[in-house]
Amino acid sequence: MATRTRPSSKRCAVIGGSGFLGRHLVERLVDRGYTVNVFDIRQAYELPGVTFHQGDLCDRQALLLALKEVSVVFHCASPAPASDDRALFQRVNIDGTRTVIQACHEAGVQKLILTSSASVVFEGTDIKNGREDLPYAKKPIDYYTETKIVQEKLVLEACSKEKGFLTVAIRPHGIFGPRDPQLVPILIDTARRGKMKFIIGDGSNLVDFTYVENVVHGHILAAEHLKADSPLCGQAYHITNDEPVRFWDFMSQILEGLGYSAPRYHLPYTLVYGIALLLWLMALVLRPLIRIKPTFTPMRVALAGTHHYYSCARAKKDMGYQPLVPLREAIVRTVESYPHLRKGA
Ligand SMILES: NC(=O)C1=CN([C@@H]2O[C@H](COP(=O)(O)OP(=O)(O)OC[C@H]3O[C@@H](n4cnc5c(N)ncnc54)[C@H](O)[C@@H]3O)[C@@H](O)[C@H]2O)C=CC1
Ligand SMILES: CC(C)CCC[C@@H](C)[C@H]1CC[C@H]2C3=C(CC[C@]12C)[C@@]1(C)CCC(=O)C[C@@H]1CC3
C-alpha cells in the first residue's frame, strides 16, 4: 500500500519562483533550511535544494505535482503590469488564482501566502500613511490593479480554520533591488532615450520604495506567524521600507548613481496625465493594426506625481516586522548590481 508522507512544515512551493521577487524568496528560504519546489512558466536558474516544475498555474494537474507533500505555498506569479493585456491578467491573476486555491485544497496544503500589492487601494489620488482598512480601489487605475484586487479577495476569503487552510496577503509597494526587470531597467531605458529630463508635478510627493530583501522578510515572517489562533488569518499586510521618500529624489539617486543626470525641469501633473491618457487610448484603438507601448502610461504618471505611502504598523504588531535593509544601503546595493546599465557601459 502506498504511504502518503506527512507534509513537512519546512517543505514549501514558490509559484512564480523564477521571477524577481520569487527568486530572492527562494534563495532566502533555502538559507533558512526549507526545501523548495519552484513552479513557473519558465526556469531561470538552478539552485541546490530547489526542484523546478515548469508549467502554467492555470493547469491544475501540473500544479498538483509541484504541491505534493508541501505545507506552505507562496504565490508570487503575475504577468508584468507593463503587458497591459486584460485577457492575460484575467486568466492568470483571477482564474489562475482560483486554480491555485483548488490545487492547494486537493494537495492538503496548510498555508497560502499571496503576494498582493499596496496598489489595490490606489486610485491615482494621494494616499498618506495608508492603512490596510482603506477600501479597495473602486476605479482601479489599470487592468493589473483590477485583477490584483479580485485575486486578493479570493485568497483572503479562502481562509478557513475549520478546513485547516490558512491564508494571508502581503502588500508590498515599489519593490526594487538586484535583478529587478522593471523599475531600474525602465528608468535607465527612458533616460537613455533622453526622456528623463522632467519632474512631473512639484516633486514633493512621498512614495514607498521597498527593498526586495525586506519584502522577502515580510513573506517569511507571515508564513511562520500564520497559525489558526493568530491574527494573520485572512488578513492583508503592508510591507514597506517604512521610509517614505520623495519619488523624484529616489529616481535621481538611482540615475546619478549610474552616471545619468537627474531630471530638473517641472511639468504640470494634470497636463502630463492628460497626455498619457490620450496616448493610452490611441494605443488601444490602434492595437489591431500596430502595437504601441507608451513609456508614460497613466499608471506610471499617477505613481510619479502623487503621494502614496503606507503604514506597516499592522505587520510590526502582528508579526514583529522591521525592515532589515535601510533605504540608503538598499539604493547603494541596487546601483552596484547594475554595472551593465551604467552610462557608457
Ligand atoms: N515589482 C513590484 O514593484 C511589485 C510586485 N508585486 C507583486 O509581486 C509579485 C512578483 O512580482 P515580480 O517579481 O516583480 O514579477 P516578475 O515578473 O519578475 O515575476 C513573476 C513571475 O511569475 C511567472 N508567471 C507569470 N505568469 C505565470 C503563469 N501563468 N504560470 C506560472 N508562472 C507565471 C513569471 O514567469 C515570473 O517568473 C507579483 O504578484 C506582483 O504583482 C506587488 C507589488 C509591487
Ligand atoms: C518613466 C518614469 C516616469 C518612471 C520609471 C520608473 C517606473 C517604471 C516605476 C516607478 C514606480 C514603479 C511601480 C511599479 C512598476 C514600476 C514603476 C512604475 C508597480 C506598478 C509594480 C506593480 C505593483 O504592484 C505596484 C508598483 C508601484 C510602483
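Colleague: Which residues are closest to ligand 2, and how many surround it?

Modeller: In this predicted model, 14 residues surround ligand 2, and the closest are Ser-117, Ser-119, Gly-174, Ile-186 and Leu-187; to be counted, a residue needs its C-beta atom, placed from the backbone, within 6 Å of the ligand.

Colleague: What makes up the shell around ligand 2 by class, and which helix gives the most to it?

Modeller: By class, the shell around ligand 2 has seven nonpolar, six polar and one charged residues. Helices α5 (183–192) and α9 (298–305) each supply at least two residues, and α5 gives the most, with four.

Colleague: How do those questions come out for ligand 1, that is, how many residues surround it and which are the closest?

Modeller: Ligand 1 is surrounded by 28 residues, the closest being Gly-16, Gly-19, Phe-20, Leu-21 and Ala-77. This shell divides into 13 nonpolar, eleven polar and four charged residues, and α1 gives the most to it, with three residues.

Colleague: Why is α2 called oblique to α3?

Modeller: Helix α2 (residues 60–67) and helix α3 (residues 86–107) pack at an angle of about 50 degrees, with their axes 9 Å apart. Roughly parallel would need an angle under 35 degrees, and roughly perpendicular 65 to 115, so α2 is oblique to α3.

Colleague: Which residues of α2 make the contact with α3, and what is the contact by class?

Modeller: On the α2 side they are Arg-60, Leu-63, Leu-64 and Leu-67, and by class the contact of α2 with α3 has seven nonpolar, two polar and two charged residues.

Note on methods:
Residues are numbered from 1 along each chain as its sequence is written. Chains are lettered from A and ligands numbered from 1 in the order in which they are written. This is a predicted model: local features need pLDDT of at least 70, side-chain atom pairs count only at pLDDT 80 or more; totals for chains, interfaces and linings use all residues. Axes are lines fitted to C-alpha atoms, for helices over the stretch in contact, and angles run from 0 to 180 degrees between N-to-C directions. Angles under 35 degrees count as roughly parallel, over 145 as roughly antiparallel, 65 to 115 as roughly perpendicular and the rest as oblique. Two residues are in contact if their C-beta atoms, placed from the backbone, lie within 7 Å. Ala, Val, Leu, Ile, Met, Phe, Trp, Tyr, Cys and Pro count as nonpolar, Asp, Glu, Lys and Arg as charged, and the others, Gly among them, as polar.
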